[in-house]
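I opened the notebook to go through pockets, the ligand site, the cavity and the charged pairs in turn. The entries follow.

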Amino acid sequence: MNLKKSAQALAEAKKFMPGGVNSPVRSFSSVNSNPPFISHGLGSHIFDIDGNSYVDYVLSWGPLVLGHAHPRIVDALNRQIARGTSFGAPTLLETQLARLVNQIFPSMQVMRMVNSGTEATMSAIRVARGFTHREKIIKFVGCYHGHSDSLLVKAGSGAATFGEPSSPGVTQKTAQDTITLPYNDISAVENAFNQCGEQIAAIIIEPVAGNMGLVLPKENYLRGLREITKKFGALLIFDEVMCGFRVSLGGAQEKYKITPDLTCLGKIIGGGLPCAAYGGREDIMRNVSPDGKIYQAGTLSGNPIAMTAGIETLKILLEDNLTEKITAKTSKLVEGIKKAAQIANVTIQTPQAGSMFGIFFSDKEVTNYDESAAANHELFKKFFLSMLENGIYFAPSQFETLFMSAVHTDEDISRTISTAEKAFEGLK
Ligand SMILES: *Cc1c(COP(=O)(O)O)cnc(C)c1O
């Protein structure tokens, strides 16, 4: 595969941006490689400026559950753009999207639209602290909740990929208010609450974790978190920015039947445009300005373009049980990849949750960050590069999750499986 133009484009971009990119993992430095520069996308495929095409399982890191340039979304956006792109004043679209979100996530009784998952989690933490009048929060090692200071402590995803579990620039004081505990270990949570439970404002968690690779919650783990937070008067925040609309349409809270106090959504909710939301119990959310004193605002929050893409995406998802269909496709691909690895005598773990899936080069199930970090990243790198070379676009790190869309075809899936078979053979 020729990536000459992309290599030139990266050199040019590096003059103006760190790594030549606007988000670190895009640089492909984790796999000692150069990223293809994308020219356009259509359905399940993306096309680079060198003329190569790829079956896309990154999907803009999750949002594009309907694939690229879905005709209904393109139409809706075209109609809205002609009417103006932002007013900084209320529109009917904001209530329309909020109503749809509330229908799918009934626990989000009252909510705010923001522009990124980072803003959603940062604001939810502020609300939790303002509501409880407590300062400490608990987060889990390997969970990523965006890059705001108090959450950028032992974060997964790009931070893990680059071996920077906590970032320079996050002050000691801030980090001290963030208690980090291993995922899937309820006794660690009990110990923390027994030590300083009356100082803890909230637990924030990816109820299905997608930023240390895909890691599922153990049986009764989420229920345990619900019980202990209730007992100590702390809030339970589900960060469903990635797993919302994927694990099940109504997210992990629907699948595992746990009602959090606050929920953060992002990625899919904006249908490929910058949009996210946080919300939850009405008695908590009424403390947000102007109903209450907890301040949070945004010039472009709830802008009509993002609202339009979000509304159209959620409407399409609600039609004919699309989530179940995408999940079935994901299972088919995961089964195929598992079989391909077996044939090549390579041991992998292939966790799946709805339309999310992952590959770990590990001989045992991965249940937390340490186990994810212990998987064989060298083998993954080789596997990834071989897939890319043959037109299959996976995320360039074992700490990331892969995604299926509604528009991936049977042919895409069988091609992916046969390409994986060759890639596994090549690892021997
Ligand atoms: C992507 C992600 C975020 C951050 O969202 P951005 O829009 O990138 O700021 C937060 N939490 C989780 C679980 C995510 O996957």
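For sorting lining residues I count Ala, Val, Leu, Ile, Met, Phe, Trp, Tyr, Cys and Pro as nonpolar, Asp, Glu, Lys and Arg as charged, and the others, Gly among them, as polar. The model is a predicted one, with local features needing pLDDT of at least 70 and side-chain atom pairs counted only at pLDDT 80 or more, while totals for chains, interfaces and linings use all residues. Residues are numbered from 1 along each chain as its sequence is written, and side-chain values use heavy atoms, with hydrogens and water left out.

**Pocket entry.** Helix 3 (92-104) and strand 4 (110-114) each give at least two lining residues; helices (H or I, at least four residues) and strands (E, at least two) are DSSP runs numbered from the N terminus.

**Ligand entry.** Which residues surround the ligand? I listed S116, G117, T118, Y144, H145, G146, E206, N211, D239, V241, M242 and K267, a residue being near if one of its heavy atoms lies within 4 Å. I then checked polar contacts (pairs of N or O atoms within 3.5 Å). A ligand oxygen is 2.8 Å from a backbone N or O atom of G117. The side chain of T118 has an N or O atom 2.6 Å from an oxygen of the ligand. For D239, a side-chain N or O atom is 2.7 Å from a ligand nitrogen.

**Cavity entry.** How many cavities of 30 Å³ or more does the whole structure hold? The search found 1, a cavity being a set of points where a 1.4 Å probe fits but cannot get out. The largest cavity has a volume of about 50 Å³. Its lining consists of G358, I359, F380, F394, A395, S397, Q398, E400 and L402, which I sorted into 5 nonpolar, 3 polar and 1 charged.

**Salt-bridge entry.** I counted 15 salt bridges, each a side-chain nitrogen of Lys or Arg within 4 Å of a carboxyl oxygen of Asp or Glu. R286 pairs with E282, with the closest N and O atoms 2.7 Å apart. R286 is partly exposed at 38% relative accessible area, and E282 is partly exposed at 35%; buried means under 20%, exposed over 50%, and partly exposed in between (1.4 Å probe, protein chains only). K325 and D320 form a salt bridge at 4.0 Å, N to O. Here K325 is partly exposed at 45%, whereas D320 is exposed at 55%. E378 and K381 also form one, at 3.5 Å. These two residues lie 3 apart in helix 14 (residues 377-389), about one helical turn. K381 is buried at 17%. Elsewhere, salt bridges with shared partners join R226, D261, R281 and D283 into one network.

Methods:
Polar contact = N/O pair within 3.5 Å; in protein donor to acceptor, adjacent residues only side chain to side chain. 1 Å grid on protein atoms, 1.4 Å probe; cavity = no way out; pocket = protein on both sides within 12 Å on 5 of 7 lines; lining within 4 Å. Points joined across faces, edges and corners; volume = space filled by probe spheres on them.
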